Amino acid sequence: MLQPPARRRLAKTLILLLPMLLAAVPTLASVEADQRAVYRARDRVLPALVHIQPVLEVFRAGEREQIAVTGSGVIFSASGHVLTNDHVVQRAERVLCTLSDQQEVPATVIGRDPWTDLAVLQLEMAEVEGPLRPATLGRSGDLQPGQYVMALGSPLGLSRSLSLGVISTVERYLPDSPEPDGAVAGTFNTWIQTDAAINPGNSGGPLVNLRGEVVGINARAIPVIGENLGFAIPIDLAQEVVRQILAQGQVRRSWLGISWQPLTAALGAAPISGTGGALIASVAADSAAAEAGVRPGDIALEVAGRAVVGRHEEQLPTLRRWLSDLPAGAEIELVLLRDGAKRVAKATPRDLDSPEGTEREFREWGFTARDVTPERARRMRLEDRGGALVSGVKSASFAFEAGLRPGDIVRRMDSQEIPGLRVLEQRVQRLIESRVAPVLLEVQRGRSRAFILLEPTYTTKPASSGAGSPR
Amino acid sequence: MRGWATGLVMALTVLGANPLPAESSGPGATLAKLASSVVPLRYTLRPQEAPTGGEGEKVEKVVCGILVSDDGLVVIPGDAFPDPGGDPRLTLEPVAFTVLGSGEAEHPATPVGFDRDLNLGYVRLAAPLPAGLTPVRFETDPQIRIGQEVWIVGLLAERYEYAAAFWPARINAAVEKPRPMFSLSAPVLDLAIGGLVVTPDGRALGLVGEDVLPPPRSPGDLPQNALLVFGSFSQGPRVGYPMLFPAPLFAASMASPPPLESRPSRAWLGITMQALSRRLAAYWKIDGIGGVIVTGVLEGSPAAAAGLQGGDVVLSLSGSPIPAREDSDLPLFRQQVERLAAGEAVPLRVWRAGEIRELTIRPEVAPRTSFLAEEYRDEAFGMTVREITFDYIQAQNLPVDTAGVVISELENAGWAEVAGLAPGDLVLQVDDAPTPDLASFRAALEQAREARRRQVRFFVQRGVETQFVSVRTDW
């Protein structure tokens, strides 16, 4: 039993707390207020929502195919700019967009950034009826876990869908994994994780706060094994990409050739005091960093006069991003810590190449091939970038019968060097036109060469795919 | 499968036990006597080395053996004998050889040899020979003709107590490649592999051997009556096609069985290759019976020293032309190379871009592959590493002078695995000390152990990039 004074104190406290307690109990009024907030936010962004139906070119099993897919996007300017994911439009030059009022408007891809998986489209304004109501791009820097957000888009093609959830975490680090087609995502950004439902087709659509501002671009989900695990690209990064695309049609980045690990992996070699520095895990051969004498195990303290912060892995995308913003061709200084002593290295960053490269189908012979990009050459440890990489071989084709395999690099054809995909394309076209058979392909297979005798028969007239086709 | 069943002569004897119930004179009796040379032989297959977490599987198998000498030599199919160089934890090895006699009688035998080329194994019964067994005498010059009538002498299944059985057949083809052999018109059952082939009047012509085929690219490529046997999981099943091996073919190997534990120091040239197909030969206008296209030359190898180049076509080795037309002919060329003496100058005739050149090569003893590589296991860290070998360097496209140790195995939830090390990682340094070989790696871990370091930093190459992995210890 409480003594009278204590009892009085408790009563007093309860009275003081009462308004707060009442506020904590969700009243009908507050639920309705929340509901109105959701409606308001929806109304601000829904008119800017775009349903995108691109026809993508895919290369599968040695053949080029066209497939129709659906994705999402958001209009962010009155002049008809649409922000979406790069993987939605990929190599398409023009796509068909359906606006929220069901108008179908064609759009042109004006810039892409495969590194961040973002692309900007321009609607054909002549085809747009009435004024556009663009969404406001907000800020992602001040988002908080637990904050309400909505995802809008066309999950599985179901257009104008809205799902509601909260931000699960604001800085999810997903390891940089090169995707099978060479595209990379996540090198330069961490991700906003949300439990708002995100499904295929949501890609490119906006993640919106309750003020109706776009705070992220929905890009990924972990299907099957995961539930309610959606990932959006922070809008702060997207804004920077948009700015560069609008200004120069592309995003320029530079490359030093360094792979980073958080300082925590450096153990005793790291300075314990302070938070500065990041561990250099790997230095690419023939890169600016290699030429500057940078070595794995070095700890970078400063680059171009700016302190390096990479104590935890979540900090690495930001580090990579600002390093990639250093202008290519201009010498910079790196302050390194090696064996406890500081040293300075001078390096000149180079342009960062696109992770992609073109791909072509050689229909008559039954295979597809792509460029040997610098990134691919590096991953395959090739000594040079000559040749064309076989990406697929169609079964029962001439190429298949002759023994050509995906992964082979066509180096020579009938004893002539093949420096790249373009030359291969021209030569093949010429051979097909003049119906030459057999043709000897010399391919690089790992560290060996293989000699492949292709024996096409030309019973039908040559395909009229080339400009110089006879008849 | 039906035709021969009617002609099947049933169990004339239950091994060496009962007097013959059939005719006691005439040609039938001559044949029946041969049954006393055909014996069921049982062995147990078990891993050469116990794999982690148990003894590994044991399999018992019975094959048909032929007693060929008074001192108890028995020839058996060599399927059970593993190829040298397999991973010892994945390679099954035959042990506990036993000749099954009549009733419950068991006669132990010891393995004495294995002829890898002919896929024949040799075991020896302890003296004196069990009663009822008589060695067979093969014809020294059997004079085998196509169309000739023969009997295959083998064994029936276990439920018929491995009774000797006779199947009629005819010689239906003679082949020269890869060795002189004859094809038999009757399908050959499992327990007739290793059996005798005799004339109707009881002369032993040879035995039912297996022409071991190169591993098929897909199961569909197998001949219909090919036999799938397994010696080593890591090297894939050995696949054989039953053939009559005439006695002279294996006379020498029978006289002195090739020793078992021979991990022969084989010679090598250091090239990767492709067969010169008829079509490629026509494209390059190369006459002859075939050849070997050099598709790669390993740095520092005898081939590199001899000046061989990718794209060269080797037409003859030591003066003998190379009859290679398809990639399935390449094993023959490899055998030809393996038999060369290391260090001896061997002439090579080579086609290069339309011209014939004569080169001289000095083969060397083949370097170890990763299967034969030395390993070191550290129980505390829960990891096994092996020395780096040329095939790993080749496969990973690494510089030839790459030095390090390769993680071959990690214990589940051991220190190393928990830290994120992965099999296949190339360990370059441990706590900043380079680990170019097993000794230095071992020393580095030893040092960490003595100092009871709480974290040990590994510097590894994984794929194209290097990275640091710190392993937390719990001494």
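Is Leu162(A) buried, exposed or partly exposed, and what is its relative accessible area? Leu162(A) is partly exposed, at 35%; buried is under 20% relative accessible area, exposed over 50%, and partly exposed lies in between (1.4 Å probe, protein chains only).

The model is predicted: local features need pLDDT of at least 70, side-chain atom pairs count only at pLDDT 80 or more, and totals for chains, interfaces and linings use all residues. Residues are numbered from 1 along each chain as its sequence is written, chains are lettered from A in the order in which they are written, and side-chain values use heavy atoms, without hydrogens and water.

Leu162(A) sits in strand β11 (residues 161-172) of chain A; strands are DSSP runs (E, at least two) and helices likewise (H or I, at least four residues), numbered from the N terminus. With Tyr148(A) and Leu164(A), Leu162(A) forms a nonpolar surface patch of about 280 Å² accessible area together. Patch residues have over 30% relative accessible area and no salt bridge, with nonpolar side chains joined within 5 Å.

Chain A brings 27 residues to the contact and chain B 30 (heavy atoms within 4.5 Å). About 2400 Å² is buried between the two chains, 49% of this from carbon and sulfur atoms; buried area is the accessible area (1.4 Å probe) lost on being put together, summed over both parts.

Two salt bridges cross the interface of chain A and chain B (side-chain nitrogen of Lys or Arg within 4 Å of a carboxyl oxygen of Asp or Glu). Arg279(B) and Glu455(A) form a salt bridge at 2.9 Å, N to O. On the side of chain A that touches chain B, β17 (258-261), β18 (278-283), α7 (374-379) and β30 (448-454) each supply at least two residues. The largest share, five residues, comes from β30(A).

Key:
Patch = residues over 30% accessible without salt bridge, like charges linked within 9 Å, V, L, I, M, F, W, Y side chains within 5 Å. Areas by Shrake-Rupley, 256 points an atom, 1.4 Å probe, with all protein chains shown as cover.
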